[in-house]
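Hi,

Here is the structure I promised to pass on. Have a look at it first, and then read on for what turned up in it.

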Amino acid sequence: MALEKWEKRLAWFRRHTEELGALFFPTVRVAHPLALQSPLCPSCGKEGVKNPRVCPNCQQHGPWAFLWARAPYRAQGVVWEAIHRLSHRGESFWLPRLADWLEEGFRLFAAFFPWDALVPVPLHPVRRRELGFNPCLELARMLGMRQRIPVLNCLYTVRAGSSQKTLTAPERAMDHDCAFRVKRGFDLQAQSLLIITDVLVTGLTAQGCARALQQGGAERIAVLAVGRAE
Ligand SMILES: [Zn+2]
């Protein structure tokens with residue numbers, strides 16, 4: 001509770017210092033995230049697509065194990081910078097800002113539904129050791145605390161993602177299918193789960209997670225990211 005209060009104070013302070021900075025130093029532009037423009041593909045959230053049957057991304061990588069995937073912002077500019085610095089450099093002070101953007105996405109796309117839990121995309125243990133934390137888990141925790149939704153850190157990876165670069169598209173899809181598993185002791189029967197990730201590209205990572213959750217008994221699965229790449 002105290003953490004929530006401090007987080008709100010920090011967000012207020014950050015917002016106002018940016019506004020003051022822009023007032024006194026008008027040449028310094030405050031970087032704002034770029035919102036995705038509708039229409040969005042109803043399935044994968046890609047910009048400029050009304051129907052998933054004609055969406056090139058859904059054509060290539062679907063059908064999906066999740067109902068929909070959405071992100072509020074393009075993974076460009078300040079959004080990309082923040083994701084990159086958090087997830088690749090381990091700069092955890094980007095977390096509150098990314099959580100703000102994630103929460104905006106939640107209000108836009110997911111707040112209408114009573115989710116049983118948020119499920120972060122897991123990070124390979126080697127990468128987690130290098131970084132010191134899993135960015136998606138921390139984002140899920142912040143969103144869960146603000147929206148009062150439990151977080152289920154119930155997935156784990158069974159292989160590193162680095163092999164992906166050398167694979168063809170169908171091989172990558174297969175690889176993602178077997179890259180995630182549900183940890184022992186988690187009962188997901190009939191659960192409504194929202195997968196939380198930092199960035200959506202093709203949706204294949206989310207697809208791998210959704211397949212694992214589906215096999216674990218989850219009934220309704222969707223995906224929320226902070227940013228969406230082209
Ligand atoms: Zn699509």
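The largest nonpolar core in this predicted model has 56 residues. Inside that core, the residues with the most contacts are Val 119, Ile 195, Ile 196, Cys 209, Leu 213 and Val 226. At least two core residues come from each of helices H3 (77–87), H4 (95–109), H6 (135–147) and H8 (204–215).

Leaving aside residues up to four places away in sequence, Val 226 touches Ala 71, Tyr 73, Val 79, Ile 83, Leu 98, Trp 101, Leu 102, Gly 105, Asp 198 and Val 199.

Which strands pair with E7? Here are its partners, with a residue pair to find for each:

- E6 runs parallel to E7, and eight bridges join the two; Leu 200 sits opposite Arg 228 of E7.
- E1 (residues 69–70) is also parallel to E7, with two bridges between them; look for Arg 70 opposite Leu 224.
- E2 (residues 73–74) pairs with E7 in the parallel sense, again over two bridges; Arg 74 has Arg 228 as its bridge partner there.

Together with helix H8, strands E6 and E7 form a β-α-β unit, and this unit is right-handed.

Now for the protein as a whole. There are eight helices and seven strands, and 36% of the 230 residues are buried. Of the contacts with a separation of 6 or more, 75% link residues 24 or more positions apart.

A word on confidence before you zoom in. The mean pLDDT of the protein is 85, with 78% of residues at 70 or more. Where is confidence highest, and where is it lowest? Strand E3 comes out highest, at 98, while helix H7 (residues 169–177) is lowest, with a mean of 50.

Happy browsing, and do write back with any questions.

Best wishes

Notes:
Residues numbered from 1 in each chain as written. Predicted model: local features only at pLDDT ≥ 70, side-chain atom pairs only at ≥ 80, totals over all residues. Core = buried A, V, L, I, M, F, W, Y, C linked by C-beta atoms within 7 Å. Buried ≥ 20, exposed ≤ 12 C-beta atoms within 10 Å, placed from the backbone. Helix = DSSP H or I, 4+ residues; strand = E, 2+ residues; numbered from the N terminus. Contact = placed C-beta atoms within 7 Å. Pairing = 2+ DSSP bridges. Right-handed = clockwise from strand over helix to strand, strands pointing away. pLDDT = per-residue confidence, 0-100.
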